[in-house]
Amino acid sequence: MIVSICLLVFFGCGLNFAQPGDESYVSKTEFDALKEKLENLETKLRDTEIRQINSDSQIAELKNQGKLIIESDAKLKETETRLQDSETRLNNSENQIMDLRKKERTKVMFSAAAGGRGAIGPFKTDTTLIYRAVITNIGGAYSPSTGIFTAPVAGVYYFTFYHHAGGEHRAILNLYKNNQFIVRVADHPSNDHADNGGNAAFLQLQQGDQVYVLLAYNSHVWGTGNVTTFSGFLVSQI
């Protein structure tokens, strides 16, 4: 605007002092045309300045929005990470709770007596002694039809076995884990009328391992009165 005013004043002065025929002479028509051009230029300049201001504002706004988007993305990623950590901790907690509940539910213990009337044996070969008179069988791991205990879960178990027998034959009982000999109780023939003995062992078993008592060949035990027994229970699950 200031430029336009200065130019108008300059040309106005030229009109006052210049005469027709002079080189600096400008007619009124030419002056008006120049004035109009100047006004158009001024208008375009103002429009350009306004557009520039609007562009600067839009750029600043876009930058601000971009900054907000970056911050939002960072917060979103942080939230997702925290959510994943929470889900992982929750899954771990649920698994621990399930394990604890499973261990609480896994209760295994049994006691059984040989039962029957009179002596059991002697036999010509080693024979699995079947304790048919079940006293306790929590968990159902002992089979009174086979005399075999089958571990339902991996863990440490405690087993005991006792016998009563007459003295006319030997009494030898062997505790086995699968096909592995563990411990023995033995009594030789004697002139007395009654012999008693027992043994015990802690065993670390895997699920499906079997534990049983073998009555050695040419041995016998007494079945009447539940005096010959086999017992066991789960001490600690692994």
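User: What is the mean pLDDT of the chain?
Analyst: This is a predicted model, where local features need pLDDT of at least 70, side-chain atom pairs count only at pLDDT 80 or more, and totals for chains, interfaces and linings use all residues. Residues are numbered from 1 along each chain as its sequence is written, and side-chain values use heavy atoms, without hydrogens and water. pLDDT is the predictor's confidence in each residue, from 0 to 100. In this chain 85% of residues reach 70 or more, and the mean is 84.

User: How many contacts does the model have for residues 5-11, beyond near neighbours in sequence?
Analyst: The pLDDT over residues 5-11 is below 50. A contact means heavy atoms within 4.5 Å. Beyond near neighbours in sequence, the number for this stretch is 5.

User: Which residues touch the most other members of the largest nonpolar core?
Analyst: A nonpolar core is a set of buried Ala, Val, Leu, Ile, Met, Phe, Trp, Tyr and Cys residues joined through side-chain atoms within 4.5 Å. Buried means under 20% relative accessible area, exposed over 50%, partly exposed in between (1.4 Å probe, protein chains only). The largest core has 28 residues. Those touching the most other members are Tyr-131, Phe-149, Tyr-157, Phe-159, Phe-161, Leu-175 and Phe-230.

User: Are the rings of Phe-110 and Phe-159 stacked, tilted or edge-to-face?
Analyst: Rings of Phe, Tyr and Trp (its six-membered ring) pair if their centres lie within 6.5 Å; planes under 30 degrees apart count as stacked, over 60 as edge-to-face and the rest as tilted. The centres of Phe-110 and Phe-159 are 6.4 Å apart. Their planes stand at 55°, so the pair is tilted.

User: Which strands hold Phe-110 and Phe-159?
Analyst: Strands are DSSP runs (E, at least two residues), numbered from the N terminus. Both residues are buried. They are 49 residues apart and link distant parts of the chain. Phe-110 is in β1 and Phe-159 in β6.

User: Is Phe-202 buried or exposed?
Analyst: Phe-202 pairs with Tyr-158, with ring centres 4.6 Å apart. Tyr-158 is partly exposed, with a relative accessible area of 24%. For Phe-202 the relative accessible area is 56%, so this residue is exposed.

User: Which ring does the charged end of Arg-170 sit over?
Analyst: A charge sits over a ring if NZ of Lys or CZ of Arg is within 6 Å of the ring centre and within 35 degrees of the ring normal. The charged end of Arg-170 lies 4.5 Å from the ring centre. The ring belongs to Tyr-217.

Methods. Helix = DSSP H or I, 4+ residues; strand = E, 2+ residues; numbered from the N terminus.
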